[in-house]
Amino acid sequence: MSRSLLLKNALRLVTMDADRREIAGGWVLVRDRQVAAIGTPADPLPPADEVLDMTGHVVMPGMVNTHHHMYQTLTRAIPAAQDVSLFGWLQALYPIWAGLTPEMIHVSACTAMTELLWSGCTTTSDHLYLFPNGARLDDEIEAAARMGMRFHAARGAMSVGESQGGLPPDRVVEDEDAILTDTQRVIETYHDPARFSMLRVAVAPCSPFSVSRDLMRNAASLARVTGTMLHTHLAENASDIAYSREKFDMTPAEYAEDTGWVGSDVWHAHCVRLDDAGIKRFGATHTGMAHCPCSNMRLGSGIAPVRRMVAAGMRVGLGVDGSASNDGSHMLGEARQAMLLGRLLGGEDNQPMMQAREVLELATRGGAAVLGRDDVGHLAAGMAADIVAFDLRGIDHAGAQSDPVAALVFCTPGKVAYSIVNGRILIRDGVFTGHDPARLARRHNELARQLLQA
C-alpha cells in the first residue's frame, strides 16, 4: 500500500538539484521510497498520510560518505597510535586488529552507522580489509540491514605481509585466490545494481603496500566482469609515495594506470600526494577520490588540492575515514573541516576562500557521483527519499539565521532532528526509531575492552 509523507515549512529547503535551488518555506512530498514533488510556499500543499512541520529546520539531501573503516570505532584514541604518521599508526594497530571477531565487526558497524546517521549521512561505503577469526563482510552487511542505511560494502583485502616486503603482519593477510573467490561470492550474494538499491558491493584491495600487483590487476578484471566498482587507498602521504617508487619504480598514479585502476568505475581514498600528472590523468578518465580531511590532518599526511582535482575532471566526495584516525564518523563535521582546510590551501594559491556550499555539494552530489549513483545526492522528483533535517533554533546556531545553510558548516556541527532513508524515518525529533544508541555503546565498549585485553 502506498504511503506518503510531507515535510513542510522548511526554514530552507536545500535541493542540491541542477539549479542548486534553496527554497525558504519549501516543502517535499515523499511517496514510498521516492521524492514525489518539491514546492515553494506559493504552491498548494499536497495531501499526505503524515505531515512533519519543518519550521526552523534546514532540510537537505542525505549526505554520502565515500570512505570509512567502521571496525576502527573499537580502537579510538589508542595511546600508542595518537601521535604517529600513517605507517607507524598502522604498525601500532595491526596487532590489535588481529583480534577482531565477527561480533566486533557487526557491532562496530552499527556504532559507526549510528554516528553517521545522526550527523546527516544516509548513504555510506565501508572499506573492510581485515577478516581474522572467522569475520566476513557479511557481518557488516547484516549491520547495515539492521540500521536501515544505504550501504556500499567494499570487500577489502591484504595479501602481502612483512615477510614479503609489505607493511601488515603476516597473520592478518589472506591468500590471493581465496580473496578473489570470496569477493566473487559476496558480489553474487549481495550486490544489487538497480536504482534505489540499498546494498552494493565494491572490489577493494587495501593499498599498494599491502597487496601484489597481480591482485590489483585481477581485482580490476573481476570488477569489470561483474559490473562493480573499484576502491583502494592511494598517494596518502610521503611514505606511500616512497614505497611506490622503491617497489614499482612508478608514482602512485602511474601504478594505478598500469594495473587498470583508472576510470569512472574507480575511486581512491586520500590522494593527498597525487602529482600534477596524476591529477591530469585521473581527471581525463573521471577517476574518483574520497577526500578525508580529518584523517589527513590527524596523521599529518598533508592537504589534498581538491579544487584542482575537481577542475581537472576528477569526481570528488568526502569520507570520514577510519574512526581510529579521525576519531569520529560525523559527516557534517567532515564537511566543516574540508572547508577550513581548503581555505589554508586556497590562501597559498591566492584563490577565493573554500565556501560552505562548496563542501556541502561535495558531501552530497559529489559523494553520489564518486559511488556511481544517480538516485541520491540531491532532491528532485524521482530521486530517492533520503532526506535529513537540522533544527537551527538551538543555542549552537543563535545569531546565525541570516544564512542558515552556511551556518550548518560554519557553526558547531550538530546532529539531525530527522533522518529519512529510502522513505523510512530512522530518526524522529533527534531520537532513533529502531534502536537504542546507549545500549549499543555499552556493548561496543565491552567488545573494545575485550579486543585491547586480547
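Biologist: How many salt bridges does the structure hold?

Modeller: Keep in mind that this is a predicted model. A pair counts when a side-chain nitrogen of Lys or Arg comes within 4 Å of a carboxyl oxygen of Asp or Glu. In this structure, the number of salt bridges is 25.

Biologist: How far apart are the closest N and O atoms of Asp 182 and Arg 155?

Modeller: Asp 182 and Arg 155 form a salt bridge. The cut-off for such a pair is 4 Å. The closest N and O atoms of Asp 182 and Arg 155 are separated by 3.1 Å.

Biologist: Is Asp 182 buried or exposed?

Modeller: The relative accessible area of Asp 182 is 16%. Buried means under 20%. So Asp 182, at 16%, counts as buried.

Biologist: Which helix holds both Asp 182 and Arg 185?

Modeller: The side chains of Asp 182 and Arg 185 meet in a salt bridge, 2.7 Å from N to O. The two residues are 3 places apart, about one turn of the helix. That helix is α4.

Biologist: Which residues are linked with Asp 182 in a network of salt bridges?

Modeller: Asp 182 pairs with Arg 155. Asp 182 also pairs with Arg 185. Together with Asp 182, the network links Arg 136, Asp 138, Glu 174, Arg 155 and Arg 185.

Biologist: What distance separates the centres of domain 1 and domain 2?

Modeller: Domain 1 covers 2–60 + 374–430. Domain 2 covers 62–369. Taken over C-alpha atoms, their centres are separated by 29 Å.

Biologist: How many residues does domain 2 bring to the contact?

Modeller: Both domains take part in the contact. Domain 1 brings 39 residues. Domain 2 brings 32.

Biologist: Which three residues of domain 1 lose the most area to domain 2?

Modeller: The two domains bury about 3,100 Å² between them. Carbon and sulfur atoms carry 59% of that area. On the domain 1 side, three residues together make up 19% of what is buried. They are Met 16, Val 409 and Phe 410.

Biologist: How many salt bridges does the rule find across the interface of domain 1 and domain 2?

Modeller: Polar contacts between domain 1 and domain 2 come to 17 residue pairs. The salt bridges across this interface number 5.

Biologist: How many residues apart are Asp 374 and Arg 195?

Modeller: Their side chains meet in a salt bridge, 3.2 Å from N to O. Asp 374 lies in the loop between α12 and β16. Arg 195 lies in the loop between α4 and β11.

Biologist: Is Asp 374 buried or exposed?

Modeller: Exposed means over 50% relative accessible area. Asp 374 has 53%, so the label is exposed.

Biologist: Where does Arg 273 lie?

Modeller: Arg 273 is partly exposed, at 40% relative accessible area. A polar atom of the Arg 273 side chain lies 2.9 Å from the backbone oxygen of Ser 301. Among the residues Arg 273 touches are Glu 236, Asn 237 and Gly 302. Its place is the loop between β13 and α8.

Biologist: Is Ser 244 buried or exposed?

Modeller: Ser 244 is found in helix α6, residues 238–248. The residues Ser 244 touches include Met 250, Pro 252 and Tyr 255. The cut-off for buried is under 20%. Ser 244 has 2% relative accessible area, so the answer is buried.

How values were computed. Residues numbered from 1 in each chain as written. Predicted model: local features only at pLDDT ≥ 70, side-chain atom pairs only at ≥ 80, totals over all residues. Heavy atoms only, no water. Domains from an automatic or database assignment. Contact = heavy atoms within 4.5 Å. Buried area = accessible area lost by both parts, 1.4 Å probe. Polar contact = N/O pair within 3.5 Å; in protein donor to acceptor, adjacent residues only side chain to side chain. Helix = DSSP H or I, 4+ residues; strand = E, 2+ residues; numbered from the N terminus. Buried < 20%, exposed > 50% of the residue type's maximum accessible area, 1.4 Å probe, protein only. Lists of a residue's contacts leave out its neighbours within four places in sequence.
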